[in-house]
Amino acid sequence: MIQIDFMKNRILFFLTLICVMGCDPGEKDPINDYDYFPLRLNAPLIYQVTETRYSAGNPEPTVTTWQEKDEAVRLTNAPDGAPLYVYSRSVRNQGGDSWQKVKEYTVTRYPDKYLLTEDNVTTIPLVFPIDEKTTWNRHAYNTREPEECKFEDLHQPRTIGSTTYEKTIHVQGRKFINDPIVRYNLGYFQYAKGVGLVFEEQTDYEYCQETHCYGQQQVISGVSKIRQLIEN
């Protein structure tokens, strides 16, 4: 009986040791990749939007600002059975104004990616797992020019406006910013853990190529749009 109890205690000791060794104290808060784009009903995100638009014949750009509210309002299923979240987007000129709904769009969740369909165009905002070696074509599901995306600055703190987020990721899209002659293109997204999209820039400019301005990076046409989260 003493021998049996000794063996039981020994087995229990080794099981406990294995459990302790397998628990990494640095992983008390494990990161779930989906937390960077949480799909939740009735959890609105409010963005400040600034659009800078250049047009031929106007030496100065037109700058417009407004606010957008994105909110998942219902959950259904895609034709293939995947969870599909329907989002409502509303806009207002400034804080205090009434919201006006302008559209709905959808986000479909798959084990390896999200598909976002807006204005009948489907893009891939994120793929999983999140890894710096991962690349993907954001426009693989539409006919637009391919745009290769990749992850950068994984799980790093970032300050957006007056808010600091403990863990964020940067999704880099097109980045053609060193051409002094023809154009400037920059597109990227930043997501915060437990929140979602906190910052986005989409800029596409064309430079003047006339003799008097050639090589001076003088913008003659194009649009820059920046969305910054201000409330969630």
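Q: Great. Which residues lie nearest the centre of the largest pocket?
A: Those are Glu118, Arg138, Phe189, Glu200 and Gln202, out of 48 lining residues. A pocket here is an open set of points on a 1 Å grid over the protein atoms alone, where a 1.4 Å probe fits, with protein on both sides within 12 Å along at least five of seven lines; lining residues have an atom within 4 Å of a point.

Q: Before we go on, what kind of model is this?
A: This is a predicted model, where local features need pLDDT of at least 70, side-chain atom pairs count only at pLDDT 80 or more, and totals for chains, interfaces and linings use all residues. Residues are numbered from 1 along each chain as its sequence is written, and side-chain values use heavy atoms, with hydrogens and water left out.

Q: OK, back to the pocket. What volume does the largest pocket have?
A: About 1300 Å³. Volume means the space filled by probe spheres set on the points, which are joined across faces, edges and corners.

Q: And which strand gives the most to its lining?
A: Strand 11, residues 196-207, with six residues. Strands are DSSP runs of E with at least two residues, helices are runs of H or I with at least four, and both are numbered from the N terminus.

Q: How many helices and strands are in the chain?
A: The chain has one helix and 12 strands.

Q: How many bridges join strand 10 to strand 11?
A: There are 10, with strand 10 covering residues 183-192. As an example, asparagine 185 is opposite aspartate 204 of strand 11.

Q: What is the bridge partner of aspartate 204 in strand 12?
A: Valine 223. Strands 11 and 12 are antiparallel too, paired over nine bridges.

Q: Last one: how much of the chain counts as buried?
A: 40% of its 232 residues, where buried means under 20% relative accessible area (1.4 Å probe, protein chains only), exposed means over 50%, and partly exposed is in between.

How values were computed. Pairing = 2+ DSSP bridges.
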